[in-house]
Structures are given as structure tokens and as C-alpha cells.
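Here are some questions and answers for a first look at this structure. Keep the model open as you read.

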Amino acid sequence: MAYRNLEITHRGAVRTITVNRPDKLNALNRDTINELTLAFNQAAQDDDVRVVVLTGAGEKAFVAGADISEMNGYTPVQAQGFSRAGQQLMSRVERLGKPVIARIQGFALGGGMELAMCCHLRVASEKAKFGQPEINLGLVPGFGGTQRLLRLAGRGAALELCLTGAPISAQRAYELGVVTRVVAPEVLDEAVNALADQLAVAAPLAAAGILDAVLQGGEASIDQGLEFETQAFALAFSTEDMREGTSAFLEKRKATFKGR
Ligand code: COA
């Protein structure tokens, strides 16, 4: 289907979803949130897609936040619907069952930082800037920022970023565990593509099991988390890919995984 605010491209098993409103620094208006939800639903259903890269158009911004011009006129009821739609999108991304890489070249502020944080891996250019500036607008983060930042970087960092609203560098975000890799701007695409290619040939059902165990385990007690892991581990033994991976090792050849 054709999207007004997104650009979708394919490279083998890697699907790239680009938020395409560069004149508004890719701010998330309601239409864009709806389109992203559709695009991620499609990526989940398409067996040919093994990895998703999420990014923003242009050099300047990944996503500079929720659309302030739209929010300015919202009633509390509309704001509630907007927050829920944003949160549902973020949870959809997080629970996609396939690895999602955020490619962050510039501003990832407010809803942009929240969108990056629901991805599984974050690769940032040294030029990227992160922050939860909602407080400067008299607002509270509404797309899961208080919760995902808390879980990724701890209470101190979550409170520091949300209460000051001040932007931080990619390097600082890396130190806080918010981004997983920081690279020079000129090698950002190379780094993202290499990571995506690596994940695209990994065993998809094992990847889904890892995502599930880590994401569910993060919200559970250690005993429940270990049980999730045992179930995912056991389920892997029902797959052709597990026989292929272990046989390939024993036969000293490269494994080919089919997602079965
Ligand atoms: N919502 C709506 N529009 C936004 C936006 C947002 N979150 N962020 C940027 N834009 C728009 C600007 O209004 C401007 O539109 P215009 O040309 O029609 O006036 C355009 O994008 C370019 O932004 P501009 O502010 O001119 O760029 P800049 O380089 O001077 O500043 C930022 C860049 C990111 C520092 C600044 O745009 C900003 O602070 N954005 C808001 C960040 C924010 O608070 N996000 C959280 C929202 S909850």
C-alpha cells in the first residue's frame, strides 16, 4: 500500500521503514503513527522480512518528537487517544518477533527517543542527540518514555532526562545504555547494513525466542524469566533450523536457516 508519511524499501530480507516528513523533522502526527502501525503489522506478517530498520528521512532528525502543532489543540480525551495510539505502536514494534534496528542520524527527541527505545538495537551517529524535552512544553512523555528509559538506563537517568528535558549526546546515550552502538556519521549506513545483514541470516525462530525471553523476562521475576528461557530453548528443538545449525557445526560447514 502507498503511505503518505513513510517510505518503505527492501534489501533482501531487510525492510527499511523511513518516517518521511523531513520538513517537520519527521515529527509523529496521528497519521504517521497510524501508518507506522500498519507498516509494522505488514512487516510482522511478511515471512520474507527477517529484520526491520527504522529511520527518519534527511540528515537532521531521526524523529524530533510527537507533533506539537497537533497536540496544541488536543482535549484531554484526544490526548488520551494519542498517547494510547503511540504506546500501542511502540509495543507493536517491541513485540514484532523480529529484530528491529533504529538507525539514528540526528535528533531523537520526545516521541523520537521513545520510538528509538522500543526498537531492539539502536545504532547512532556521533551527531545524534537524544532527550525527553516534554517538560519544556508542560508535558509528560506519553509514548512510554518514562517506562522504557527507566528500564534501559535506570531510575537516575530516567529522572535526570525527563525532569531536565535537556538533550544528551550519542556518546552519553551510549554510556547510559540507551544506544547500543555509536559510529561516525559517514559509516552509519555501513554499520547499520552490516548489522542488519548479520541478523537477516540468523535463525529467525531462535531470534524470536531470544526476543521473547528477554522482553518478557524483563518484566518478570528471575524464576519466571528463567522459565520463559527454558520454554524458548525447548521450542527451538522442534525447528529444522536447530538441526541445521547443529549439523552444520559438526559437518564444519556454514548453516542456512529457513525459519522452519
Ligand atoms: N512537532 C511539530 N513540528 C516540529 C517538531 C515537533 N516535535 N519538531 C520540529 N518541528 C518543525 C518546526 O516547527 C519547523 O517547522 P516550520 O519550518 O514549519 O516552522 C521544522 O520542524 C524545523 O524545525 P526547527 O525548529 O526550525 O529546526 P531547528 O534546527 O531550529 O531546531 C529542534 C531543531 C529539534 C531543536 C527543534 O525543532 C525542537 O526543539 N523541536 C521540538 C522537540 C520537542 O520538544 N520534541 C518533543 C515533543 S513532545
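Buried means under 20% relative accessible area, exposed means over 50%, and partly exposed lies in between. The model is predicted.

Q: Is C162 buried, partly exposed or exposed?
A: The cut-off for buried is under 20% relative accessible area. C162 has 13% relative accessibility. C162 therefore counts as buried.

Q: How many disulfides does a search of the whole structure find?
A: A disulfide needs two cysteine sulfur atoms within 2.5 Å. The sulfur of C119 is 4.8 Å from the closest cysteine sulfur, in C118, which is too far for a bond. For C162, the closest cysteine sulfur is also in C118, at 15 Å, again too far. Over the whole structure, the number of disulfides found is zero.

Q: Is C119 buried or exposed?
A: Its relative accessibility is 4%. Buried means under 20%. C119 therefore counts as buried.

Q: What is the orientation of helix 3 relative to helix 4?
A: Helix 3 spans residues 76–94, and its axis lies 8 Å from that of helix 4. The two pack at an angle of about 25°. Angles under 35 degrees count as roughly parallel. Helix 3 and helix 4 are therefore roughly parallel.

Q: Which residues of helix 4 make the contact with helix 3?
A: Helix 3 contributes L89, M90, V93 and E94. By class, the contact of helix 3 with helix 4 has five nonpolar, one polar and two charged residues. On the helix 4 side, the residues are G111, E114, L115 and C118.

Q: How are helix 4 and helix 5 oriented to each other?
A: Helix 4 covers residues 111–118 and helix 5 covers residues 145–164. Their axes come within 10 Å and cross at roughly 125°. Angles over 145 degrees would be roughly antiparallel, and 65 to 115 roughly perpendicular. Helix 4 and helix 5 are therefore oblique.

Q: Which residues of helix 5 meet helix 4?
A: From helix 4 come M113, E114, M117 and C118. The contact of helix 4 with helix 5 has six nonpolar, one polar and two charged residues. In helix 5, the residues are G145, R148, L149, L152 and L161.

Q: Which strands are the edge strands of the open sheet?
A: The sheet has six strands in the order 1-2-3-5-7-10, with mixed pairing. The twist averages 20° from one strand to the next. An edge strand pairs on one side only. The edges are strand 1 (6–11) and strand 10 (181–183).

Q: What is the bridge partner of I101 in strand 7?
A: Strands of a sheet pair through backbone hydrogen bonds. Strand 5 (residues 100–104) and strand 7 (residues 121–125) pair in the parallel sense, over four bridges. The partner of I101 is L121.

Q: Is F237 buried, partly exposed or exposed?
A: F237 is found in the loop between helix 9 (222–236) and helix 10 (240–250). F237 touches M242 and R243, not counting residues up to four places away in sequence. Its relative accessibility is 37%. F237 therefore counts as partly exposed.

Q: How many Å apart in space are E240 and D67, C-alpha to C-alpha?
A: E240 lies in helix 10. E240 is partly exposed, with a relative accessible area of 45%. In sequence, E240 and D67 are 173 residues apart. In space, their C-alpha distance is 46 Å.

Definitions and conventions
Residues are numbered from 1 along each chain as its sequence is written. This is a predicted model: local features need pLDDT of at least 70, side-chain atom pairs count only at pLDDT 80 or more; totals for chains, interfaces and linings use all residues. Side-chain values use heavy atoms; hydrogens and water are left out. Axes are lines fitted to C-alpha atoms, for helices over the stretch in contact, and angles run from 0 to 180 degrees between N-to-C directions. Contact means heavy atoms within 4.5 Å. Ala, Val, Leu, Ile, Met, Phe, Trp, Tyr, Cys and Pro count as nonpolar, Asp, Glu, Lys and Arg as charged, and the others, Gly among them, as polar. Buried means under 20% relative accessible area, exposed over 50%, partly exposed in between (1.4 Å probe, protein chains only). Two strands pair if DSSP finds at least two bridges between them.
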